[in-house]
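Please look over the sequence and the model first.

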Amino acid sequence: QVQLVESGGGMVQTGGSLRLSCAASGSIFSINRMGWYRLAPEKQRELVAVITSGGSTNYADSVKGRFTISRDNAKNTVYLQMNSLKPEDTAVYYCTAEVHTRPDYGMNVWGKGTLVTVSS
């Protein structure tokens, strides 16, 4: 069994910064892509950022230049540095990872989410 545990959410004022972390644990052979999604009230789930095992990244247009995704493969951990936060960034942020528990078997795993609230 594999688990993802997020941390680092909270409340911050407009223009502030937060750093989210997501650590994977369990029976892990390898992890391919890791990423962050967010879900805001009355909105659809949005892909925020993804990073491959090789370090290639992709961002939603709404966060480009403000958010940075990174990972520590040795720690099976992905990070999301969020700067210049805006009220519209308020959402529950979910971590996800493509985890292989053995070479021939992989699955998508999700964390339980961490709330980010940006006040105006």
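The questions below go from the whole chain to single residues.

This is a predicted model, in which local features need pLDDT of at least 70, side-chain atom pairs count only at pLDDT 80 or more, and totals for chains, interfaces and linings use all residues. Residues are numbered from 1 along each chain as its sequence is written, and side-chain values use heavy atoms, with hydrogens and water left out.

Q: How many helices and strands are in the chain?
A: Helices (H or I, at least four residues) and strands (E, at least two) are DSSP runs, numbered from the N terminus. From that end on, the elements run β-β-β-β-β-β-β-β-β-β-β. The count is zero helices and eleven strands.

Q: What share of the 120 residues is buried?
A: Buried means under 20% relative accessible area, exposed over 50%, and partly exposed in between (1.4 Å probe, protein chains only). By that cut-off, the buried share of the chain is 38%.

Q: Which two residues form the disulfide?
A: A disulfide is a pair of cysteine sulfur atoms within 2.5 Å. The structure holds one. Its sulfur atoms are 2.1 Å apart, and the partners are Cys22 and Cys95.

Q: How many residues apart in sequence are the parts that Cys22 and Cys95 tie together?
A: Cys22 lies in strand S3 (residues 18-26). Cys95 lies in strand S9 (residues 91-102). The pair therefore ties together parts whose separation in sequence is 73 residues.

Q: Is Cys22 buried or exposed?
A: Its relative accessibility is 0%. Cys95 has a relative accessible area of 0% and is buried. By its own value, Cys22 counts as buried.

Q: What phi does Glu42 have?
A: Glu42 is found in the loop between strand S4 (30-39) and strand S5 (46-51). It counts as exposed, because its relative accessibility is 87%. Although Glu42 is not a glycine, its phi is positive, at about 65°.

Q: Where does Ser84 lie?
A: Ser84 is not a glycine, yet it has a positive phi of about 50°. At 40% relative accessibility, it counts as partly exposed. Its place is the loop between strand S8 (77-82) and S9.

Q: What distance separates the C-alpha atoms of Tyr59 and Val48?
A: Tyr59 sits in strand S6 (residues 57-59). Contact means heavy atoms within 4.5 Å. Not counting residues up to four places away in sequence, Tyr59 touches several residues, including Val48, Ala49 and Phe67. Val48 is eleven residues from Tyr59 along the chain, and their C-alpha atoms are separated by 5.8 Å.

Q: Which residues is Ala60 in contact with, leaving aside its neighbours within four places in sequence?
A: Ala60 lies in the loop between S6 and strand S7 (67-72). It is buried, with a relative accessible area of 13%. Its contacts beyond those neighbours are Glu46, Leu47 and Val48.
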